[in-house]
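Hi,

Here is the structure I promised to pass on.

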Amino acid sequence: MILINNIISNRTSLENLIHNSLTKSIIRTHQRCAFLGNSAEEPDFIADLTLNWTQELHTILKLILHPKLQIGLASVYCHQKPIVDFGQAKNPELGDILFVFKYTDLYGKTTINSLLLQVKKTSRQNFKISSNELHQLELYTKWPKFKYLRANALNGKTIDIHPKCVTQGARYLLIDPDPFLTLGLDGTFAFGCAIPDNLISIYSDFTNEILNFLMFATGRTISDKASITEDWSKMIWDLLSISKNKMTRRKNAGLGRFPRKTSINFDGCCFLNTENYNSYYSDIRNEFNESGGDNYIDNNDNYRIDDNGGGVSTIMIEINENE
């Protein structure tokens, strides 16, 4: 596979560039929130990752990876998250950020990877899950049969994921909110990944997780939409569908264009650069082109999110091998 060999041979450069871009994301988030007179919270970090950092990631991949690889990236920020009901007193969020990677080789064979992340803002690299978060932990460790709530047209639909244990496709993403982490001080980590467990401990920084995800060394592969055979694939395509619907309602590009708005106002804003091939977002790309391209802005200060319209913030990378 051209991509895997290319990542291995350029890993150091990719690690440095992606790490620096993630550090910039932290700085941007703190600066924007300070401008508004607020402290940075989880939705603020997620908004910058999905609307600004993705643009830098696309540039990095285009710069470093083989010229025979066509690289597209689409992302959308969803402020209100879908929740699921599996009979607990409190219903957990399904996730905060969904990464999907679609790779098509020269012969047209497509492989799709997925990684669902639950974000936690913390300065601790090791800690015990609090009692008020055990319902979320149960979802990610036991995957009980559940039904969607606050998920648009998916409300009431049942999902039954197997096996009933921790999966490579679901992780915690820990974000250190300390602005001094950019100085490289001991005990700071910016973004780190952890396996869902009662005792949380970072096993990988986010940069390595992203590169391993692109190499299919982490994450959980899914079936093509036309040949779904199990409920993990069904869930991922469900989440893609509701986040895509958000894009059609709010075709906004770039968090940096909205310095005077809080993250709730970015719901449905997106970044899109899919190049000229058959993308999952081809129809959205065509709408963008008709309305002025990626720089089309809808400055609707009175925008309100729908109570039943939650979605998972999504980052989808599509890479094609090209002759």
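**Helices 2 and 3, and what sits around them**

The axes of helix 2 and helix 3 come within 9 Å and cross at roughly 150°. (Axes are lines fitted to C-alpha atoms, for helices over the stretch in contact, and angles run from 0 to 180 degrees between N-to-C directions; helices are DSSP runs of H or I with at least four residues, strands are E runs of at least two, and both are numbered from the N terminus.) So the two helices, helix 2 and helix 3, are roughly antiparallel, a label for angles over 145 degrees.

Before going on: this is a predicted model, where local features need pLDDT of at least 70 and side-chain atom pairs count only at pLDDT 80 or more, while totals for chains, interfaces and linings use all residues. Residues are numbered from 1 along each chain as its sequence is written, and side-chain values use heavy atoms, with hydrogens and water left out.

Now zoom in on Ile46, which sits in helix 3 (residues 42-64). Ile46 is buried, at 1% relative accessible area (buried is under 20%, exposed over 50%, partly exposed in between, with a 1.4 Å probe and protein chains only). Leaving out residues up to four places away in sequence, Ile46 touches Tyr77, Asp96, Ile97, Val119 and Ser313; contact means heavy atoms within 4.5 Å.

Then there's helix 1 (residues 2-9), whose buried residues are Leu3, Asn6 and Ile7. On the other side of helix 1, Asn5, Ile8 and Ser9 are exposed. Among the elements covering the buried residues of helix 1 are helix 2 (11-36) and helix 3.

Cheers

Terms used. Angles under 35 degrees count as roughly parallel, over 145 as roughly antiparallel, 65 to 115 as roughly perpendicular and the rest as oblique.
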